[in-house]
Amino acid sequence: MHDIIVRNGRVVTADKVRLADVAIDGEMITAVDAPVKEKAQRVIDATGKIVLPGIIDVHTHPVYLDNLEELPVTAAYGGVTTVIHFAYAKPGKSLMETIHHFREEAESVSVLDFALHSGLFDPEHQSEEIPAAHAAGVTSHKMFMTYAKLGWMTDDYQLMRTLDIIGQVGGMGMVHAENGLATDYLEDKFLAAGADPVETFVSTRPAILEAEAVHRAIAMAQVAGCPLYVAHMTAKLGLDVVAAARANGYRVYAETCPQYLTLTEQALFEQGPLVKIGPPLRSEADRLALWTSLAAGDLDTVASDHAPKAKSREDDFFAAPYGSPQTETMLSLVYDGGVKSGMLSLPRLAQVMCENPAKIFGLHPQKGVLQPGSDADLVIFDPTIRHTITQASQHSHAPYTAYEGRIVVGQPILSIQRGEILLEDGELCAKPGRGRFLKTASGRVDPKTLFKEGGFS
């Protein structure tokens with residue numbers, strides 16, 4: 001007698017889709033079979049539905065309008081069962097004190113299991129704490145190559161030094177890759193000439209300056225012997241740089257986000273500050289190139305970069321903060337824009353949103369797969385539900401969504417985390433504080449192993 005059996009679903013793994021049952025006992029999956037012959041205390045009928053591993057969102061910011069309690073809630077409504085938050089150590093702050101604060105608070109309020117990246121705003125004074133962070137289970141460390149005007153930018157000296165330290169302890173570097181000083185010069189030049197703010201924003205952050213920064217970060221990481229994760233990639237030029245590096249055997253991992261897969265720079269002219277994000281939205285050609293690269297294995301993950309901030313369409317564009325809410329809509333948008341359109345297979349969706357995130361950050365096979373012995377984290381997704389995204393239907397505290405009025409097909413209807421019902425019938429069932437901290441072991445997997453041809457059986 002099993003605790004739970006999910007019956008008759010289209011069970012998706014990273015290499016195939018098959019009609020099968022999933023049996024759960026306690027916190028673990030104990031069988032995936034067609035069919036599981038035993039009975040269960042509860043049977044969930046998934047006929048006509050897709051059964052995916054729980055979505056792992058590896059790029060979240062719980063420090064804005066959604067905090068460490070609220071961000072996991074809006075993520076859970078989107079089919080996410082595990083998050084990796086950025087623990088940002090601002091200038092003057094201790095990295096380890098920041099990590100301890102994020103862990104302790106999240107353990108007391110999170111409904112989802114979580115891990116942490118460190119975010120280094122002052123690596124000159126914080127990088128020496130990286131070995132201690134590594135010992136505490138925080139093994140990925142992010143720096144900004146842009147935002148000099150905000151005081152966030154890491155210069156090349158400190159970037160090289162910090163990648164060297166990360167490499168020595170066996171961790172992984174992460175970068176926001178844009179040439180920040182070149183961007184700032186161009187912005188000052190355009191604004192001094194009285195150019196339109198949105199036109200200026202688009203023109204002064206060209207894709208070639210993103211690609212240049214990607215190349216520079218890869219070069220330094222390679223010299224340091226440090227694997228590198230490039231967050232929120234947006235354009236073909238940058239993808240070409242990553243592909244060339246991987247062809248040389250470099251351990252470089254590439255992420256994109258749903259906003260870059262579904263929106264273009266045209267949205268900036270329509271929505272203004274609401275879709276001011278960094279790096280910026282790109283051209284339609286870049287958007288299509290991202291889908292092609294995702295399907296072909298040149299991009300490894302899709303993550304939300306969920307960063308909801310207070311702003312409106314009427315705000316001064318350059319005074320408005322960067323960021324937007326993304327985690328709750330992510331799965332539906334990637335399914336609708338990728339799988340339903342024929343640009344992405346279901347197994348590939350499971351790779352980039354479940355298995356690859358788990359492998360890159362050392363959580364596999366505990367997370368990211370549906371197999372005996374893994375955590376019983378799964379989401380049942382109805383591919384027939386047609387719904388309209390509105391701010392009113394979301395659970396983020398953001399007063400807007402970038403997709404207001406957008407019609408999509410496909411929606412998560414039930415999720416399970418470690419054997420407990422997390423989401424059912426539109427209601428969150430889990431209690432705050434059930435989430436567990438997960439130690440990571442980042443950057444150890446060969447990027448060449450992260451792509452599998454998917455099929456049906």
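Analyst: Two strands pair if DSSP finds at least two bridges between them. Strands (E, at least two residues) and helices (H or I, at least four) are DSSP runs, numbered from the N terminus. The model is predicted, so local features need pLDDT of at least 70, side-chain atom pairs count only at pLDDT 80 or more, and totals for chains, interfaces and linings use all residues. Residues are numbered from 1 along each chain as its sequence is written, and side-chain values use heavy atoms, without hydrogens and water.

Start with E1, residues 2–12. Its antiparallel partner is E2, residues 16–25, over 7 bridges. Gly9 faces Ala20 of E2. A hairpin of 3 residues links E1 to E2.

E2 also pairs with E3, residues 28–33. This pairing is antiparallel too, with 5 bridges. Val22 has Val32 in E3 as its bridge partner. Here the hairpin has 2 residues between the strands. Gly26 sits in that turn, with a positive phi of about 60 degrees.

Now the single residue. Ser304 lies in the loop between strand E13 (301–302) and helix H13 (330–339). Ser304 counts as buried because its relative accessibility is 0%; buried means under 20% relative accessible area, exposed over 50%, partly exposed in between (1.4 Å probe, protein chains only). The Ser304 side chain comes to 3.3 Å from the backbone oxygen of His59. A polar atom of that side chain is 3.1 Å from the backbone nitrogen of His306. Leaving aside residues up to four places away in sequence, Ser304 touches several others (heavy atoms within 4.5 Å). Among them are Asp57, Cys257 and Met330.

How values were computed. Polar contact = N/O pair within 3.5 Å; in protein donor to acceptor, adjacent residues only side chain to side chain.
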